[in-house]
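Work through the exercises below with the model at hand. Each task is followed by a solution in steps.

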Amino acid sequence: MSDSLPHWDMSVVFPGLDSTEFNHAFETTCLKINHLTALFNQLGIQKCAPQPLSQDQVKAFEQVVRELNEVVDYATTLRAYIYSFVSTESTNDLAQARLSEFYQAGVELSKLTTRFTAWIGSLDVDQLLATSAEAREYTFAIRQAKIAASHQMSPVEEELAADMNLSGAIAWSRMYNNLTSQIMVPVRDTSGKIIEMPMSVVRNLAYDSDANLRRWAYEAEIDAWKKHALPLAASLNSIKGEVITLVHHRGWESPLEQALFDNAIDRQTLDALMQAMRESFPDFRRYLKAKAHLLGKETLPWCDLFAPVSSSQRKWDYENAKALIVEEFGKYSEKMGKFAARAFEENWIDAEPRSGKQDGAFCMYLRKDESRVLTNFRPNYKSVSTLAHELGHAYHNLCLSTQEPLNRDTPMILAETASIFCETIIRRAILPRLTAEEQMEVLEAALMNACQVVVDISSRFLFEARVFEQRKKRELSVAELCSLMEQSQKETYGDGLDIKELHPYMWAAKPHYYSGERSFYNFPYAFGLLFGLGLYAVYLQSPDTFKQGYDELLSSTGKANAAELAAKMGIDIHKVEFWRGSLDTVRQDVERFEQLIAGK
């Protein structure tokens, strides 16, 4: 950890959580939600019997959409502001209290969006779109709402589900985040002294150059998860149980069917993607075996999965990362370069790992054209790539900022588009400038990431599918969850890893499982990686033409499904050949990695 690493600046929004300005904004948002509720009641915005579209309904739609957009905008900024404190300082009681209060208000807003969806389902949407130019701006959202409405329970049941969610999935998810961010893990350092460290710091030691420290950190991490496994298993069982119940009562075939709808793709696309991923497993196992050989191991144990392999002395410190990203983003386009410079200058980024801070990295939309980025930065290329990745999300938010809130709702699979593209820009730019040792470091970071997104994501997909299947019958024990996780890892990593040393508690380490709103929070990352690589290949073929359409694609990710948007860039995501082509880039990196090892 370093005092020189920045914390994000939230004072430009409000002076503090206890400030008059924040309290006024919170009260205003609640009043706006109450006003919108009264408007819904006045205009009859709720599920009703199908009937011919009237002019009054057209006017009601146009009025409601404008006011709903305004309320969503207010609520989004408010939530991001509060969460910026919770995610970096989970022991902040005031922030936790305000987040709880916000969730109470958020439930009321979610009820309104549910009512709005049900109402759309009652309308003749073809006639609405033919009649209202304003409605045509939301064509995709309207047609998706029509389908979603057919999967709603009765209005009373939907309202009850929203109320119960506060003490159900939302509560369990908050418990998970708070508990895991505060776990202190005793780890032996290189001098033999036992030091307590936050879990996020311990997990970062997996990237350390000291093999002993990596092993001690891995063993300490597993032991810590084991000690905290019972409440985490209770959280996972409860969240998945709630999802299964609601999916059944809403008439979805399975949680996966709902996840595909939420991500605006069909099963044909998922099957093509997963087939290409499975076909690539042997290539990733070659990479893992090559890494094991380089580390002097017969097979790679989990504790060495993220071990550095280069003897390069290059320091990837934060200031150099900042300069590199601004420079290379600027070479792609002036707009992207200025955006990156602004993000650093205005302190959008919280980079320092510390106790109470959430592990991993994310980007969240804040307001207008601003986002905030959380990372746990270490001086290695992996952290540089992660920083570029999260800034890619922020650039996507910049492009989306021209849209109304209801047209900014981007499915997860497309949310990864700009992030993968941006980290690819950095990697492709830096490689030719590096020595063989430095190239190995960068290539290894890229392959490590691709292995996680293709192989590990596949294991997480298998695990979640099996958890859902078994959770239908009863709750799963800690031992059963660990067994399912190891089984999934064996099937995907195969002989690329030492099967005696896997990570049975990965279900506890990954926060993605603990979202009641998003099931299968895994395959979208694989889609994003391979779609982003495919887009980069299109960019290389015709840079100027690509740039003209790329920002428009990013600004439209809430206005069309994935297949339609991909088609505009000349891509057919239904065909396995496209996904194989994206993975060819990874295969080339594996071959180059093997060549560099052979040359050592």
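**Exercise 1. Which residue in strand 5 is the bridge partner of Ile 349?**

Step 1. In strand 5, Val 373 is the bridge partner of Ile 349. The model is a predicted one, in which local features need pLDDT of at least 70 and side-chain atom pairs count only at pLDDT 80 or more, while totals for chains, interfaces and linings use all residues. Residues are numbered from 1 along each chain as its sequence is written, and side-chain values use heavy atoms, with hydrogens and water left out.

Step 2. Strand 3 and strand 5 (residues 370-374) run parallel and are joined by two bridges. Two strands pair if DSSP finds at least two bridges between them. Strands (E, at least two residues) and helices (H or I, at least four) are DSSP runs, numbered from the N terminus.

Step 3. Helix 15 (residues 381-400) packs on the sheet and touches strand 3, strand 4 and strand 5; contact means heavy atoms within 4.5 Å. The direction of helix 15 makes about 30° with that of strand 4.

**Exercise 2. In what order do the three strands of the open sheet lie, and why is one side of strand 3 left without a neighbour?**

Step 1. The order is 3-5-4, with mixed pairing.

Step 2. Strand 3 (349-350) and strand 4 (362-367) are at the edges and have a single partner strand each, so one side of each has no neighbour in the sheet.

**Exercise 3. Describe the hairpin of strand 1 and strand 2.**

Step 1. Strand 1 (residues 184-188) pairs with strand 2 (residues 194-198) over five bridges, in the antiparallel sense. Val 187 is opposite Ile 195 in strand 2.

Step 2. Five residues lie between the two strands of the hairpin, and Gly 192 in the turn has a positive phi of about 95°.

**Exercise 4. At what angle do helix 10 and helix 18 pack?**

Step 1. Helix 10 (residues 211-249) and helix 18 (residues 436-471) pack at about 75°, and their axes are 10 Å apart. Axes are lines fitted to C-alpha atoms, for helices over the stretch in contact, and angles run from 0 to 180 degrees between N-to-C directions.

Step 2. The two helices are therefore roughly perpendicular, the word for angles of 65 to 115 degrees.

Step 3. Residues of helix 10 in this contact include Leu 236 and Ile 244, and those of helix 18 include Phe 463 and Arg 471.

Key. Parallel < 35°, antiparallel > 145°, perpendicular 65-115°, else oblique.
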